[in-house]
Amino acid sequence: MSTAIRWDLAWRGALLCGVGAAILSAIPFVSLGCCLWMLGAGALCVSLYAKQMPGTLITPGMGMRVGALAGLIGFVVNAIVTTAAFVARRGSGELQQAMQEQMRKQIAGAPDPQVQQAMQRMMEWMNTPQGAATMILVVLIFMGVVFVLFTAAGGALGASMRSRRREFR
């Protein structure tokens, strides 16, 4: 029994599942289930890999690594779409207005004048090109971590479910 992953076979399923999770996570309303899509992508990726490797027991650790690959691919696709949407919305001013309105509400709700001043400075900074770039970078890092963790968890879960199914037979 080998615990080595045949990456030449694993990447195909990871590509399909990662792109699928990225697309589902980018569609309005459907994106509400983004964490489920990522978990499902990891589990499906393991299933596709197992079909290419009949008779091989896929451990949860192997499933986690294969799922993480799907998450990495999904993140890259989602990052491209998110960045393009951000740039398009920033040019129209729509996103900037929505963020400013939300920040104004937060500022008005803060009872401490020092907190209000700090939030006002932060809002002004976010309107600069450096602030916008920093904001999107933070969002992308967070999305990358979420994508990889959830698909890795889905991969481990998928591998665990497959091995239990084998025990019952």
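Analyst: Buried means under 20% relative accessible area, exposed over 50%, and partly exposed in between (1.4 Å probe, protein chains only). Helices are DSSP runs (H or I, at least four residues), numbered from the N terminus. This is a predicted model, where local features need pLDDT of at least 70, side-chain atom pairs count only at pLDDT 80 or more, and totals for chains, interfaces and linings use all residues. Residues are numbered from 1 along each chain as its sequence is written, and side-chain values use heavy atoms, with hydrogens and water left out.

User: Which residues of α5 are buried?

Analyst: Helix α5 covers residues 113-126. On its other side, P113, Q114 and R121 are exposed. The buried residues of α5 are M119, M123 and M126.

User: Within what arc do the buried residues of α5 fall?

Analyst: The arc is taken from the directions from the helix axis to the C-beta atoms. The buried residues line one face of α5, because the arc that holds them is 65°.

User: Is A108 buried or exposed?

Analyst: A108 lies in helix α4 (residues 94-109). Its relative accessibility is 63%, so A108 counts as exposed.

User: Which residues does F75 touch, not counting residues up to four places away in sequence?

Analyst: F75 is among the residues with the most contacts inside the largest nonpolar core, which has 28 residues. Such a core is a set of buried Ala, Val, Leu, Ile, Met, Phe, Trp, Tyr and Cys residues joined through side-chain atoms within 4.5 Å. With contact meaning heavy atoms within 4.5 Å, F75 touches L140, M143, G144 and F147.

Technical notes. Helices (H or I, at least four residues) and strands (E, at least two) are DSSP runs, numbered from the N terminus. The expected span of a helix is 1.5 Å times one less than its number of residues.
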